Structures are given as C-alpha cells and as structure tokens.
Amino acid sequence: MRPLFTIHAGEYVVGEFIEHNFPSLNIWVPTKDTGVDLLVTGPRSDASLSLQVKLSRDYRPSEAASDFDRSLVAGGWLTIDHEKLSASTADLWVIVVIANERKLRPQFIVVPPRVFLSKLVAVHGKSRRYNFYPWITKNKKCLDGRGLLHEQRRQLAEGTMVLGERDLSGYLENWKPLQRLAATRPKR
C-alpha cells in the first residue's frame with residue numbers, strides 16, 4: 001500500500017460539501033487509485049456510494065460581453081476518456097465547476113457514469129476522448145456546451161433552446177443518492 005497524504009482540490013470541495021450538508025455520512029479516501037476518489041458511507045456500515053470527482057475552473061471571460069456570457073453562472077472544460085468512463089466502477093461522477101466569482105458556491109453535476117457516457121456518445125459520437133464543456137446557466141440549466149453554434153448560444157441565453165441529449169439539468173446538484181444514503185437507519 002502506497003500512502004496517500006493529499007487529495008486534489010475537487011475531492012476536497014466535494015468532501016467539504018458532503019460533510020456540511022450530510023453530517024451523518026462518513027467520507028473515506030482510498031489508499032490506491034482504482035478510479036474511485038471518495039467512498040461515502042451512511043449510518044449503516046453496509047451502505048455506501050463511491051464517487052469519482054472531476055474539477056474544472058471557470059473558463060468564461062472575466063467580463064461578460066454578450067447576453068450569452070451573462071446567462072452563464074459557470075462554463076468549464078474537461079477532457080473525458082471514453083474507456084475510463086466506460087470502465088468506471090464509481091457509483092457517481094461528481095463534476096465540480098468553480099465559478100470565476102468566488103462569492104458563488106461551486107456547481108456540482110452528480111451523474112451516474114453510464115448516463116454520462118451515453119449522453120457524451122449521443123452528442124459527439126463515440127470517440128477516444130471527449131472535450132466536455134459543462135455549462136450552467138442562471139436559470140438552472142446544465143448542459144454539455146461543446147460544439148454549440150452561435151444561434152444555439154443565443155437561444156440558450158434566451159432560454160428557448162431545446163437541450164436534447166446535451167441536457168444535464170436533472171443532474172445539477174443531484175444529491176438524492178446521498179440523501180437516500182443518509183436516510184438509512186443505523187444497525188442496532
């Protein structure tokens with residue numbers, strides 16, 4: 001076993017969020033890299049969720065120049081490897097996007113890896129790697145923004161765009177699996 005004394009910033013942000021919002025849950029850091037960054041256990045020792053965490057900073061311009069720029073809370077960028085996502089043993093992938101405005105809290109996309117992969121393939125076709133642009137709008141829409149045309153960006157800013165397979169809004173702040181885990185009863 002190789003000792004691990006540090007975790008990356010995304011893991012820290014997710015761990016801190018879980019600790020604050022789900023105080024009955026315990027967070028564990030694996031000692032070897034198996035594709036699981038955090039293990040979360042509930043009040044019952046037999047209930048757990050494994051998390052893979054990905055972090056992106058905000059790539060929006062510091063000064064919003066267009067309606068589109070002003071419509072976004074955060075716009076990240078990550079490279080996702082098809083095989084790693086396909087073979088992931090994690091129950092959930094947590095994508096953290098840190099907004100430029102530090103007064104805004106981090107944005108979390110909490111999605112099962114199979115769902116995430118199917119959406120990437122549906123939008124971009126099967127590829128070895130995906131450039132994934134997690135965009136979150138002020139009206140709580142969340143999508144993969146990679147490859148959107150100018151007209152689609154205008155529609156997104158206006159709130160009229162049909163997101164289709166790009167839509168990740170149902171996974172924005174989707175902490176329901178952890179809520180269920182926290183609701184498990186302790187063993188007696």
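**Briefing: cores, pockets and selected residues**

Lys 140 is exposed, since its relative accessible area is 59%, above the 50% cut-off for that class. The structure discussed here is a predicted model. Lys 140 sits in the loop between strand 9 and strand 10 (142-144), and its phi is positive, at about 65 degrees, although Lys 140 is not a glycine.

**Nonpolar cores**

- The largest nonpolar core has 22 residues, of which Ile 80, Ile 95, Phe 116 and Phe 132 touch the most other members.
- Two or more residues of this core come from each of strand 4 (72-75), strand 5 (78-81), strand 6 (92-98), strand 7 (107-111), helix 4 (113-124) and strand 8 (129-132).
- Another core, of 20 residues, lies apart from the largest one, and its members include Val 13, Val 53, Leu 92 and Leu 178.
- In soluble globular proteins, nonpolar side chains tend to be buried together.
- With residues up to four places away in sequence left out, Phe 116 touches Ile 80, Leu 85, Trp 93, Ile 95, Val 111 and Phe 132.

- The largest pocket has a volume of about 410 Å³.
- This pocket is lined by 22 residues, and those closest to its centre are Asp 33, Thr 34, Gly 35, Val 36 and Asp 37.
- By class, the lining of the largest pocket comprises 7 nonpolar, 8 polar and 7 charged residues.
- The second largest pocket contains about 150 Å³ of space.
- Tyr 59, Arg 60, Pro 61, Phe 68, Asp 69, Leu 72, Gly 75, Gly 76, Trp 77, Tyr 133, Trp 135 and Arg 153 line the second largest pocket.
- At least two residues of that lining are supplied by helix 2 (67-71), and at least two by strand 4.
- The lining of the second largest pocket divides into 7 nonpolar, 2 polar and 3 charged residues.

**Enclosed cavity**

- The structure holds 1 cavity of 30 Å³ or more.
- The space in the largest cavity is about 30 Å³.
- Its lining consists of Phe 116, Lys 119, Leu 120, Phe 132, Asp 144, Glu 165, Arg 166 and Leu 168.
- Helix 4 gives the largest share of this lining, 3 residues.
- The cavity lining has 4 nonpolar and 4 charged residues, and no polar ones.
- Phe 116 and Phe 132 belong to this lining and are also among the residues that touch the most other members of the largest nonpolar core.

- Thr 137 is placed in strand 9 (residues 134-137).
- Thr 137 counts as buried because its relative accessibility is 2%, and the cut-off for burial is under 20%.
- The side chain of Thr 137 forms a polar contact with the side chain of Asn 139, at 2.3 Å.
- Apart from residues up to four places away in sequence, Thr 137 touches Ser 71, Leu 72, Val 73 and Leu 156.
- Asp 81 belongs to strand 5.
- Its relative accessibility of 18% means that Asp 81 also counts as buried, being under the 20% limit.
- The side chain of Asp 81 reaches the backbone nitrogen of Glu 83 at 3.0 Å.
- When neighbours within four places in sequence are set aside, Asp 81 is in contact with Arg 128 and Arg 129.

**Arg 154 in helix 5**

- Arg 154 is found in helix 5 (residues 150-158).
- Arg 154 counts as partly exposed because its relative accessibility is 35%, which falls between the 20% and 50% cut-offs.
- A polar contact of 2.6 Å joins the side chain of Arg 154 to the side chain of Glu 158.
- The C-alpha atoms of Arg 154 and Glu 16 are separated by 36 Å, and the two residues are 138 residues apart along the chain.

**Positive phi at Glu 173**

- Most residues other than glycine have a negative phi.
- Glu 173, a residue other than glycine, has a positive phi near 60 degrees.
- Glu 173 lies in the loop between helix 5 and helix 6 (176-182).
- With a relative accessibility of 23%, Glu 173 counts as partly exposed.

How values were computed
Residues numbered from 1 in each chain as written. Predicted model: local features only at pLDDT ≥ 70, side-chain atom pairs only at ≥ 80, totals over all residues. Heavy atoms only, no water. Core = buried A, V, L, I, M, F, W, Y, C linked by side-chain atoms within 4.5 Å. Buried < 20%, exposed > 50% of the residue type's maximum accessible area, 1.4 Å probe, protein only. Helix = DSSP H or I, 4+ residues; strand = E, 2+ residues; numbered from the N terminus. Contact = heavy atoms within 4.5 Å. 1 Å grid on protein atoms, 1.4 Å probe; cavity = no way out; pocket = protein on both sides within 12 Å on 5 of 7 lines; lining within 4 Å. Points joined across faces, edges and corners; volume = space filled by probe spheres on them. Nonpolar A, V, L, I, M, F, W, Y, C, P; charged D, E, K, R; others polar. Polar contact = N/O pair within 3.5 Å; in protein donor to acceptor, adjacent residues only side chain to side chain.
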